[in-house]
Amino acid sequence: MTETAPGPSTGSDDPNLTMGIDPYERNWMRLSIALLVAFAATITVAGFSMGFAVPGADGEVDPRTVLETEPWSSPGLREISPGVYEAYVVAQTWSFNPRELEVPVGSELTIYVTSPDVQHGFSVRDTNVNMQVVPGQVSKLSYTFDEVGEFPYICNEYCGQGHAAMYGVVNVVPASAVSAGNDNDNASDSAEAQGDADGQVD
Amino acid sequence: MTVVDRSQSRPRNWDNDYELTDSEKRFVAQHIYVAIAALFVGSLFGPLQAFEFSGVDFYQYIEPVIKSYYQGLTLHGVLNALVWTTFFIVGFTNLTTMKGLGRPLSHPHINRIGFWVMVVGLLTTAFPILANSATVLYTFYPPLQASWAFYLGLTLVVVGSWIEGLGFYLTLHAWRKENRGTRSPFIALGGIINAAMWQIATLGIAVEVLTMLLPWSLGITDATDPELARTYFWFTGHPLVYFWLLPAYVSWYGMLPKQVGGKLFSDSLARLAFWMFLIVSVPVGFHHQFTDPGVPQTWKFIHALLTYAVFFPSMITAFTVIASLEYAGRKRGGTGLVGWIRTLPWDDPSVTAQLLGAILFMFGGIGGLTNASYNLNLVIHNTAWVPGHFHLTVATAVTLTFMGVTYWMIPHLTGKALWGRRVALFQTWTWFVGMIIFSNAMHMLGLLGAPRRTPLGKALYVPESWDGHLMRVSIGGAILLVSVLTYVYIMVRTIAGPKVEKALVPAVPVAQPLRPSQQTPLWLDRFKPWLIGAGVLLVIAYGPQLVDQIFNMNLNAPGSDIDLW
Ligand code: HEM
Ligand SMILES: [Cu+2]
Ligand SMILES: [Cu+2]
């Protein structure tokens, strides 16, 4: 009990300290709290006034019948108003339907995803779009694509043997190339990806 | 704050001379042997996964036994994250309870029953996994459906750990009756707080399995509510990481200081940290569900804030543990701002393992704070960053610490000497270096958008720019393979070695507090206020959303009709 060490440790031997908390440690605790409060403030501002949102409770569906129910019976891209798009994407073992979404650069795209079978993931590379896809639920996030390019969307939740092959792509094209690619509403180009995924509906 | 009570006149030396009997030692050792066996088998798949990333596919050679990357990954997750940890922790807590309190278990048969229930559970789980009828990974998210035996076995492992936990409380209770007015010794109290936290936390998984997954896998019901299942799962899933971590903290606070020739810097704060973990470990589970549909943003946000609260006791731990080490380092003649680090006994593999584990834990902690930061989570959720993160925490801070503990504990329990001290040092450093390379590459891949739980060697969307990182994952994996094989070899040689003189067998290292623990306020030694606090916070932070999801439960997701794996 009488041993002391040089440096900050000495304070602790003083029985008058509250709970034996060393002054250095007290300051460390203050600093920790200040740091955590600063982090909390940052995510609050970013999350609620700068619009970096996470998914929320955006609707439920019945996984047994969802593929026969609008809009999921005809997944794909819809233009809501100039430069504003909505995409309904079905994630099912082991492909996305549709496999490709083409939007002109600068568009705001709101993506809705659900699954009729098991859980999947939907993350668009190089963006903040990243959603768990859960049967019975609709996942939704919006993103404005400000750069031309290909943005793969990848299944990032294990969903069985074909998981590593499950992806699609958002094609962001120059504004001039728009009209040609804008017609893939019913996503017929995803038919090749279907094959093994029909047994769901009965 | 001064607390006066009649015990002031009866200070008690923590370092009691209680020595576990041979049969008690055997009982503890049985837990540790199962743990090490699980780590051995489970860890073999880690390097295979890591090699796959750079296109070196060993799965084709083991196909007769293990059918796929995913079956191997299920084994890896279950054996390492669930079996190695749980068996080690329960065994270690038996030891810290008996040695800490200086008495035998009050109801040893209860603990024996608990242990065998865990073993039966382990076997019940192992069969379906090995038969490839439970390739659902260690999170078993429905509607991926495993064989019922998989769920039943996991339940039995948890129930067994509850039964052993009951044995610990009864022992503490008996000790308190015999030692009225005395503060309970830290290493015993810490382990038992962990057991209590675990019992609260595992209610989530228990309800998930008993009400949803078992009836469904047995064919009694035909569908599940996967979002509710996720909420149940993560009710348990986050505190699970503290269940792993707290025994490592018991060693860092309560044993490591003794091993390095020092003392526990602050007994009060060590306890305060543990009580805080009891309260805030559980009501934070939605931070694993930030990207989930079906959970409103408000609850996610509240859990993000509570997660920051649970970071606080870890900050206390960082200070107290480092201060304890500094105290020892200076006593050993270390000077200067960092000179004391060099004078610590780095030639003791048990110490080195724990120090290196603690160093990497700082990076794990920073990464964890990132994960918990609400919308920042969108950048890394389900990417390779996440396994990169938890190989720093559970697979290094916890695992390397547990390995370090076995370097004195196995000799202590068996009456043998540690085989190959220098080899053991090599083992700890290779784990450290291998993990730095591996984990850094995984973090980078995650930031670039590489998904986790994916054999990236054959994924169809991998750009060339990832190649360097994928290669580094494999290199780290190779170093880790050497390390884990070395570890198992050391253990086998030690256990198979000859008994040695008693004087050469290491004792249980129990650190004395710098300031007598009798001065620790009474409220830091009582379960009741903290348990009530934990209950209240749970009701506030989980109650409304959980009740909402349960009342709106929709068992409408049957899963897939095709063979998924
Ligand atoms: C020998 C050293 C190890 C190596 C090389 C290694 C490698 C890996 C790799 C590459 C993955 C990612 C697989 C993927 O996401 O597709 C992984 C996952 C995982 N590892 Fe390890 N690992 C090692 C040891 C450990 C240890 C000691 C633990 C725990 C104590 C552990 C726990 C886990 C867990 C829980 C997962 C996630 C499984 C899942 O996503 O379902 N690993 N490991
Ligand atoms: Cu998938
Ligand atoms: Cu967590």
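Guide: A residue counts as near a molecule if its C-beta atom, placed from the backbone, lies within 6 Å of it. This is a predicted model, where local features need pLDDT of at least 70 and side-chain atom pairs count only at pLDDT 80 or more, while totals for chains, interfaces and linings use all residues. Residues are numbered from 1 along each chain as its sequence is written, and chains are lettered from A and ligands numbered from 1 in the order in which they are written.

Visitor: Which residues come nearest to ligand 1?

Guide: There are 26 residues around ligand 1. The ones that come nearest are Gly46(B), Gly77(B), Asn80(B), Ala395(B) and Leu480(B).

Visitor: And which element gives the largest share of that shell around ligand 1?

Guide: In chain B, the elements giving two or more residues to the shell are α1 (22–53), α3 (69–101), α15 (385–414) and α17 (467–496); helices are DSSP runs of H or I with at least four residues, strands runs of E with at least two, numbered from the N terminus. With six residues, the largest share comes from α3(B).

Visitor: Which element of chain A gives the most to the side that touches chain B?

Guide: 65 residues of chain A are in contact with 71 of chain B (C-beta atoms, placed from the backbone, within 7 Å). Elements giving two or more residues to chain A's side are α1 (23–48), β6 (120–124), β7 (130–133) and β9 (149–154). The one that gives the most, with ten residues, is α1(A).

Visitor: Are α6(B) and α10(B) roughly parallel or roughly antiparallel?

Guide: Helix α6 (residues 186–201) and helix α10 (residues 267–280) of chain B have axes 9 Å apart and pack at an angle of about 10°. On α6(B), the contact includes Phe186(B) and Ile193(B), and on α10(B) it includes Phe274(B) and Trp275(B). Angles under 35 degrees count as roughly parallel and over 145 as roughly antiparallel. So α6(B) and α10(B) are roughly parallel.

Visitor: Which strands stand at the edges of the open sheet in chain A?

Guide: The five strands run in the order β4-β10-β9-β6-β7, with mixed pairing (strands pair if DSSP finds at least two bridges between them). Two of them have a single partner strand each, so one side of each is left without a neighbour in the sheet. Those edge strands are β4 (100–104) and β7 of chain A.

Visitor: What is the bridge partner of Val124(A) in β9(A)?

Guide: β6(A) and β9(A) pair in the antiparallel sense, over two bridges. In β9(A), the partner of Val124(A) is Tyr153(A).

How values were computed: Two residues are in contact if their C-beta atoms, placed from the backbone, lie within 7 Å. Axes are lines fitted to C-alpha atoms, for helices over the stretch in contact, and angles run from 0 to 180 degrees between N-to-C directions. Angles under 35 degrees count as roughly parallel, over 145 as roughly antiparallel, 65 to 115 as roughly perpendicular and the rest as oblique.
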